[in-house]
Amino acid sequence: QAAEVGLTAAQHQLLLAIRGHSDPRGPTIGDLAEYLCTRHHSTVQLVNRVEQMGLVTRNRSLSGDRRIVRLMLTEKGEGKLALLSAPHLEELHRLAPLVAGLAESAMAPALEGTT
């Protein structure tokens, strides 16, 4: 599905990692490398590509350590994620009854042992 909106799977994961980061200032490259389980230089290359696409911006701290660069999604980056979120949510809604049934089946033997 990522390819349908012009992204690779890795680029999609990067955008999700940026959006989901807990710090409102945005993640650093190191944060993203850790989250994506990639090497720092590989993450830099990935960020370079999505920055060239206009999906993220790099922001240096105006106060404190200017070596720290944080990433933020652009409006275009948010738009790409929105395009991918709708089909994923539809699929989750479609699969919810199946998952609930599987969970119920898995829990049944445990519950029978308590009575």
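The structure is a predicted model, in which local features need pLDDT of at least 70 and side-chain atom pairs count only at pLDDT 80 or more, while totals for chains, interfaces and linings use all residues. Residues are numbered from 1 along each chain as its sequence is written, and side-chain values use heavy atoms, with hydrogens and water left out.

The protein averages a pLDDT of 85, where pLDDT is the predictor's confidence in each residue, from 0 to 100. A score of at least 70 is reached by 85% of the residues. Among the elements, helix 3 has the highest mean pLDDT (95). Helix 4 (residues 75-112) has the lowest (78).

The protein has 4 helices and 2 strands. These are DSSP runs numbered from the N terminus, with helices (H or I) of at least four residues and strands (E) of at least two. From the N terminus on, the order is α-α-α-β-β-α. Of the 115 residues, 28% count as buried. Buried means under 20% relative accessible area, exposed over 50%, and partly exposed in between (1.4 Å probe, protein chains only). Contact means heavy atoms within 4.5 Å. Of the contacts with a separation of 6 or more, 50% join residues 24 or more positions apart.

Two helix pairs were examined. Axes are lines fitted to C-alpha atoms, for helices over the stretch in contact, and angles run from 0 to 180 degrees between N-to-C directions. Angles under 35 degrees count as roughly parallel, over 145 as roughly antiparallel, 65 to 115 as roughly perpendicular and the rest as oblique. Helix 1 (residues 9-20) packs on helix 3 (residues 40-52) at about 85 degrees, with the axes 10 Å apart. Helix 1 is therefore roughly perpendicular to helix 3. A10, Q11 and L14 of helix 1 meet L46, V47, R49 and V50 of helix 3. By class, this contact has 5 nonpolar, 1 polar and 1 charged residues. Here Ala, Val, Leu, Ile, Met, Phe, Trp, Tyr, Cys and Pro count as nonpolar, Asp, Glu, Lys and Arg as charged, and the others, Gly among them, as polar.

Helix 2 and helix 3 pack at about 105 degrees, with their axes 9 Å apart. This angle makes helix 2 roughly perpendicular to helix 3. Helix 2 contributes I29, G30, L32, A33 and L36, and helix 3 contributes H40, T43, V44, L46 and V47. The contact of helix 2 with helix 3 has 7 nonpolar, 3 polar and no charged residues.

A nonpolar core is a set of buried Ala, Val, Leu, Ile, Met, Phe, Trp, Tyr and Cys residues joined through side-chain atoms within 4.5 Å. The largest holds 17 residues, of which L14, L15, I18, L32, V47 and V56 touch the most other members. Helix 1, helix 2 (29-36), helix 3, strand 2 (69-73) and helix 4 each give two or more residues to this core. Helix 1 gives the most, with 4 residues. Beyond its neighbours within four places in sequence, I18 contacts P27, L32, V56, L71, M72 and L73.

A33 lies in helix 2. A33 counts as buried because its relative accessibility is 7%. Leaving aside neighbours within four places in sequence, A33 contacts T38, R39, H40 and T43. The C-alpha atoms of A33 and V44, 11 residues apart along the chain, are separated by 8.6 Å.

C37 sits in the loop between helix 2 and helix 3. At 69% relative accessibility, C37 counts as exposed. C37 has a positive phi of about 55 degrees, although it is not a glycine. Most residues other than glycine have a negative phi.
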